[in-house]
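This briefing goes through one protein model by topic.

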Amino acid sequence: MCIEEVGTMENKKFKTIVNECLLTNGFLKKGKYYYKESPEVICVLGLQKSNYSNCYYVNVGIVIKKIYNNLELPRDVDGHIRSRFYFTVGDKQVECLNLDEINEDSVMISSLEAGISEIINPALEH
């Protein structure tokens, strides 16, 4: 096994942190996606690895249940409203979190919780 460079995070650790944070915040994991729903909408989160770097996106799909009848496990790309979470890294916001440039779990956790509070919770409340 290669020695991890200073300032980098392994993909497995990243996915573990994301998983723990989302489950703690009331999401259910089914397959590759995370779900949280209200009577009106289903919010779906999916991780997308960049083909060009060690970078991950957190994609959001908000599915309106009245439009998608009987769609039990939608994907983020099925969302009627689609977005991405942004991560605060240093003094900038980025939509793709480069694991080669971070080594603090708190960067991911605070950004994930901000995305939940700014995008997911308002969608579920209306």
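Strands here are DSSP runs of E, at least two residues long, and they are numbered from the N terminus. By that numbering, Asn 98 lies in strand β8. The model is predicted. The protein holds two helices and eight strands, and their order along the sequence is α-β-β-β-β-β-β-β-β-α.

**Overall fold and dimensions**

- The protein has a radius of gyration of 15 Å, close to the 14 Å that the globule rule gives for 126 residues, so the protein is as compact as a globular protein of that length.
- The C-alpha trace spans about 50 × 30 × 25 Å along its principal axes.
- Of the contacts with a separation of 6 or more, 53% are between residues 24 or more positions apart.

**Burial and surface**

- Of the 126 residues in the protein, 41% are buried.
- The protein exposes about 7700 Å², and carbon and sulfur atoms supply 49% of that area.

**Charges and salt bridges**

- Side chains of opposite charge can pair when their charged atoms come close.
- With a cut-off of 4 Å between a side-chain nitrogen of Lys or Arg and a carboxyl oxygen of Asp or Glu, the count comes to four salt bridges.
- Three of these pairs are described below, under their own headings.

**Lys 13 and Asp 105**

- Lys 13 and Asp 105 form a salt bridge, with 3.4 Å between the closest N and O atoms.
- This pair links distant parts of the chain: Lys 13 is in helix α1 (residues 11-24) and Asp 105 is in helix α2 (residues 105-125), 92 residues apart.
- Lys 13 has a relative accessible area of 39% and is partly exposed.
- Asp 105 is also partly exposed, at 29% relative accessibility.

**Arg 75 and Asp 78**

- A salt bridge joins Arg 75 to Asp 78, whose closest N and O atoms are 3.1 Å apart.
- Is Asp 78 buried or exposed? Asp 78 is buried, because its relative accessible area is 16% and the limit for buried is under 20%.
- Arg 75 counts as partly exposed, at 41% relative accessibility.

**Arg 84 and Glu 95**

- The side chains of Arg 84 and Glu 95 form a salt bridge, at 3.5 Å from N to O.
- Arg 84 is partly exposed, with a relative accessible area of 23%.
- Glu 95 is partly exposed at 29% relative accessibility.

**Asn 98**

- Asn 98, in strand β8, has a relative accessible area of 18% and is buried.
- Which residues does Asn 98 contact, leaving aside its neighbours within four places in sequence? Asn 98 is in contact with Asn 54 and Cys 55.

**Glu 104**

- Glu 104 sits in the loop between β8 and α2.
- Glu 104 counts as partly exposed, at 44% relative accessibility.
- Glu 104 and Asn 59 are 45 residues apart along the chain, and their C-alpha atoms are separated by 21 Å.

How values were computed: Residues are numbered from 1 along each chain as its sequence is written. This is a predicted model: local features need pLDDT of at least 70, side-chain atom pairs count only at pLDDT 80 or more; totals for chains, interfaces and linings use all residues. Side-chain values use heavy atoms; hydrogens and water are left out. Helices (H or I, at least four residues) and strands (E, at least two) are DSSP runs, numbered from the N terminus. The radius of gyration is taken over C-alpha atoms; the globule rule is 2.2 Å times the number of residues to the power 0.38. Buried means under 20% relative accessible area, exposed over 50%, partly exposed in between (1.4 Å probe, protein chains only). Contact means heavy atoms within 4.5 Å. Accessible areas come from the Shrake-Rupley method with a 1.4 Å probe; for residues, only the protein chains shown count as cover.
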